[in-house]
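Hi,

Here is the structure I promised to pass on to you. Please have a look at it first, and my notes follow below.

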Amino acid sequence: MRYISTRGEAPVLSFDEVVLTGLARDGGLYVPETWPQFSQDEIRSLASMNYADAAAFLLYPFIGDAISKSDFTAMTTKAYASFSHQAVVPLSQLGPNEFLMELYHGPTLAFKDVALQLLGLLYDHLLGSRGKRVTIVGATSGDTGSAAIDACRGRDAVDIFILHPAGRVSEVQRRQMTTVLDSNVHNIAVEGDFDDCQAMVKAMFNDLAFRDELAVSAVNSINWARVMAQIVYYFTVGVSLGSPDRAVSFSVPSGNFGDVYAGYAASKMGLPVEQLIVATNRNDILSRFFNSGEYRKSGVDPTISPSMDIQVSSNFERFLFDLHGRDGVAVSDLMSKLDTDGGFSVNMSLLNEGIFSAGSSSEDETLQTIQHTLQDSLKLVDPHTAVGLKVGAECRNHSDAPLVTLSTAHPAKFPDAVEKATGVHPELPGHLSDLFTREERLVQLPNDLSTVKSYIRERARILQAI
């Protein structure tokens, strides 16, 4: 398998090179040159596999000859052994043909664990075989940071620097990051919003001298391996509800477009998908795009679903690449317009032929959905999941197709919003019960790229070893 950049100017890479590179050197994102295809019988065969084996089966075509099949199967087995539910990603039923995909049974209680537990092992394998070291730089709106830190803590070949917007993540999310005191873990609270953090990370990748000097790599979903690992749960859940003989709809709480893009990838690989519903909070650039064809930035408003407080969705570029016939020049032109003009438009006829629908949820609607879900289904959900439930119900085209809402985080990660909606204070699982008494370590820095780069350069061990 080879990987190409969405902007068409970067070198074509192999899987191992893509994992360690992260962002393409032309500023684009890497995608597979072709989508692996699975027959209906192969999809049916997933019903007899556990989650780890299904992951190895579905993902190995993306690996090429970078890793032996036995080594990769051992990685998927180890990655998902740490999940607290035997099914890894279980389904729960809310009503007739309505389901929740519970993605929060990993170590940090968010869907990011599904990909990052595997990515940490991929780093170990690929760096160990080369005798190399990397400096991981990532931005988080809440959940990626803790999941990435958990996956990379204590690893000798990795230093990890995570930027989060100061005061704009929940206290549980912040403490899950800042109470990890391993010497290779560095938390930076940036005096700005998530888009500022993400822009800094992209700027560091686009500074090729800095990038090469520190061997910078990515844990954000700009790294193809993140998206790849998330494809698996669309297949396993689809099969449990009758696929490939029955198409399934998915409602996906969306900020950076990575999770719903993984569903799109699953559909390109042969999984029958009735609808992919893009659910946003009031930071609704994606909803506006799919309903009008215009992708235009506006300010980022803090919400009770902070992981979706994003206006520039990184993975959206991967979708644009396919939407424009894999024309890297066209994508590069659109991204330039986003930078210079604040947005761009595409012909709605391109969107009307697809499987995407989209909508948004206000703060009050999100709180009401949390309340009604507990009353009607006896299920406590977090604000992001509530956004998915509300928009999914509104945008669903066919009630005879199962509707699966992705439950992306445990309600205990957002106790204030859940308690405000229901009067119930969700308790953290036992392994995090002392989170609020643990020592924290972080630094707060101004929203200034040079300051953040200097901080990282002074602490990256790859420079100290020279």
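Helix 13 and helix 14 (residues 328-341) have axes that come within 9 Å and cross at roughly 135°. The two helices are therefore oblique to each other (angles under 35 degrees count as roughly parallel, over 145 as roughly antiparallel, 65 to 115 as roughly perpendicular and the rest as oblique). The axes are lines fitted to C-alpha atoms, for helices over the stretch in contact, and angles run from 0 to 180 degrees between N-to-C directions. Before you read on, please note that this is a predicted model, in which local features need pLDDT of at least 70 and side-chain atom pairs count only at pLDDT 80 or more, while totals for chains, interfaces and linings use all residues. Residues are numbered from 1 along each chain as its sequence is written, and side-chain values use heavy atoms, with hydrogens and water left out.

Back to the helices. Helix 13 passes helix 14 in a right-handed crossing (left-handed if the near helix is turned anticlockwise from the far one by less than a right angle, right-handed if clockwise). On the helix 13 side, Glu317, Leu320 and Phe321 meet Gly328, Val331, Leu334 and Met335 of helix 14, where contact means heavy atoms within 4.5 Å. Helices (H or I, at least four residues) and strands (E, at least two) are DSSP runs, numbered from the N terminus.

Helix 13 (residues 316-323) also has helix 12 (residues 285-292) beside it, with axes that come within 13 Å and cross at roughly 15°. That makes helix 12 roughly parallel to helix 13. The crossing of helix 12 past helix 13 is left-handed. Here Leu286, Phe289 and Phe290 of helix 12 meet Phe316, Phe319 and Leu323 of helix 13.

At one end of the order, strand 3 and strand 4 (residues 98-102) pair in the antiparallel sense over four bridges, and Gln93 has Phe99 in strand 4 as its bridge partner.

Another open sheet has five strands in the order 8-5-6-7-15, with parallel pairing. Its edges are strand 8 (216-217) and strand 15 (443-445), each with a single partner strand, so one side of each is left without a neighbour in the sheet. Within this sheet, strand 6 and strand 7 (residues 185-190) run parallel and are joined by six bridges. The bridge partner of Pro165 in strand 7 is Val190.

How many salt bridges does a search of the whole structure find? There are 27, a salt bridge being a side-chain nitrogen of Lys or Arg within 4 Å of a carboxyl oxygen of Asp or Glu. One of them joins the side chains of Arg130 and Asp16 at 2.2 Å, N to O. Arg130 belongs to helix 5 (residues 112-130) and Asp16 to helix 1 (residues 15-21), so this pair ties together parts that are 114 residues apart in sequence. Arg130 is partly exposed at 34% relative accessible area, whereas Asp16 is buried at 12% (buried means under 20% relative accessible area, exposed over 50%, partly exposed in between, with a 1.4 Å probe and protein chains only).

Asp156 sits in the loop between helix 6 (143-152) and strand 6 (158-165) and Arg461 in helix 20 (residues 461-464), so the pair ties together parts that are 305 residues apart in sequence. Asp156 is exposed at 57%, while Arg461 is partly exposed at 22%. Arg461 also forms a salt bridge with Asp159, at 2.7 Å, N to O. Asp159 lies in strand 6, so this pair with helix 20 ties together parts that are 302 residues apart in sequence. Asp159 is buried, with a relative accessible area of 1%. Elsewhere, salt bridges with shared partners join Glu171, Arg174, Arg175 and Glu440 into one network.

Best wishes

Definitions and conventions
Pairing = 2+ DSSP bridges.
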